Amino acid sequence: MQGFVFHNPTKIVFGTGSSSQLSAHVTALGHKALLVYGQQSIKKSGLYDKIVSQLQETGMAFVEHGGVKSNPSLTHAREGIAKARAEKVDFVIAVGGGSVIDEAKSIAAGVVAEDDVWRFYLGEAKIEKALPLATVLTLPATGSEMNGNAVITNDETNDKLGLASPHFYPRVSILDPSLTVTVPPRYTAASAVDIVSHLTESYFTNDGGWTPLQEYYVEGLVKTVMAATRRILQNPEDLEARATLMWSATLGWNGLNVAGVGAFSMPCHALEHPISALYDIAHGAGLALLPRPG
């Protein structure tokens, strides 16, 4: 095992019904929020109304920025940045899966930056600060709710790039398994592939030497993801399985599995990004097309 520094500042509020506690955890983040979400799923499920009512009950001002795609676009993120600046918001709330959270991270950093947000992804500028971010997770897969990573697609050039920054960590993330019971089977399966890929890429490519702790951690989580996914596909309303898959996704990419393993690579993710950028398919589905490393 090699030396490492591990620091994860994200507070997790986990449990069925925990989404009703959002307002209690965001009042300290600011006075006016940019509410970022996807297409229409949170409105159809009733989650949108629950979130809005909480904010209204506490007197929290907010501005909406809906319409995030499954592969979040740079154009839409820039629109969110412009809206957040014009409305003078002081923090961001993301309600959705990894795509929504990733775009919200880009917006949070772009609002307070002099540089265009795309320059961060190109490595031409460094993120120095970002607005505080709170998340309500509706699709467990990417682990973005408890890490400092984000991915975005430049819809003008079809370049899909990732970026890591300590300023991308959410301040608080609400993980309510009951919000995931309406996730269709194909998205549940694709999400499971993404979680497994996060775990196994470093497992097969690291140079950390003797790392039984990390290996057993990865192996145990992969088996857990498989067991939970199997139960969900048999019974989509199995809350125990939904909760297990949700927490597995977070633990799969919050830094614990790679702490101490040394340098590693992510060839499958590197290959998948151009696929989903060009063909606009779900990230997990794109990963399922690729062979495993090793």
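When I say contact, I mean heavy atoms within 4.5 Å. With that in hand: among contacts in the protein chain with a separation of 6 or more, 79% are between residues 24 or more positions apart.

Two remarks on what you are looking at. It is a predicted model, where local features need pLDDT of at least 70, side-chain atom pairs count only at pLDDT 80 or more, and totals for chains, interfaces and linings use all residues. Residues are numbered from 1 along each chain as its sequence is written, and side-chain values use heavy atoms, with hydrogens and water left out.

First, the overall fold. The protein chain has 11 helices and eight strands; these are DSSP runs numbered from the N terminus, helices being H or I of at least four residues and strands E of at least two. The radius of gyration, taken over C-alpha atoms, is 18 Å. Along the principal axes, the C-alpha atoms fill a box of roughly 50 × 45 × 35 Å.

Next, the interior. Of the 294 residues, 53% are buried, meaning under 20% relative accessible area with a 1.4 Å probe, protein chains only. A nonpolar core here is a set of buried Ala, Val, Leu, Ile, Met, Phe, Trp, Tyr and Cys residues joined through side-chain atoms within 4.5 Å. The largest one has 34 residues, and L34, V36, V92, I107, F120, Y121 and F168 have the most contacts inside it. At least two residues of this core come from each of β2 (32–37), α4 (74–87), β4 (91–97), α5 (98–111), α6 (117–122), β5 (133–139) and β6 (149–154). Which element gives the most to this core? That is α5, with seven residues.

Take Y121 as an example. Setting aside neighbours within four places in sequence, Y121 touches S106, A150, V151, I152, L161, G162, L163 and F168. Another core lies apart from the largest one, with 22 residues, including L22, L47, M60 and V172.

On a 1 Å grid over the protein atoms alone, a cavity is a set of points where a 1.4 Å probe fits but cannot get out; a pocket is an open set with protein on both sides within 12 Å along at least five of seven lines; lining residues have an atom within 4 Å of a point. A volume is the space filled by probe spheres set on the points.

The second largest pocket holds about 370 Å³. Its lining has 23 residues, with F6, Y169, N254, G255 and V258 nearest the centre. How do the residues of that lining divide? There are 11 nonpolar, 12 polar and no charged, with Gly counted as polar.

The whole structure has two cavities of 30 Å³ or more. The largest, about 40 Å³, is lined by S202, Y203, N206, T211, Q214, E215, V218, N257 and V261. The most lining residues there, three, come from α8. The second largest cavity, about 30 Å³, is lined by L139, P140, V183, Y187, T188, S191, R242 and L245. Here α7 gives the most, with three residues.

Note on methods:
Buried means under 20% relative accessible area, exposed over 50%, partly exposed in between (1.4 Å probe, protein chains only). The radius of gyration is taken over C-alpha atoms; the globule rule is 2.2 Å times the number of residues to the power 0.38.
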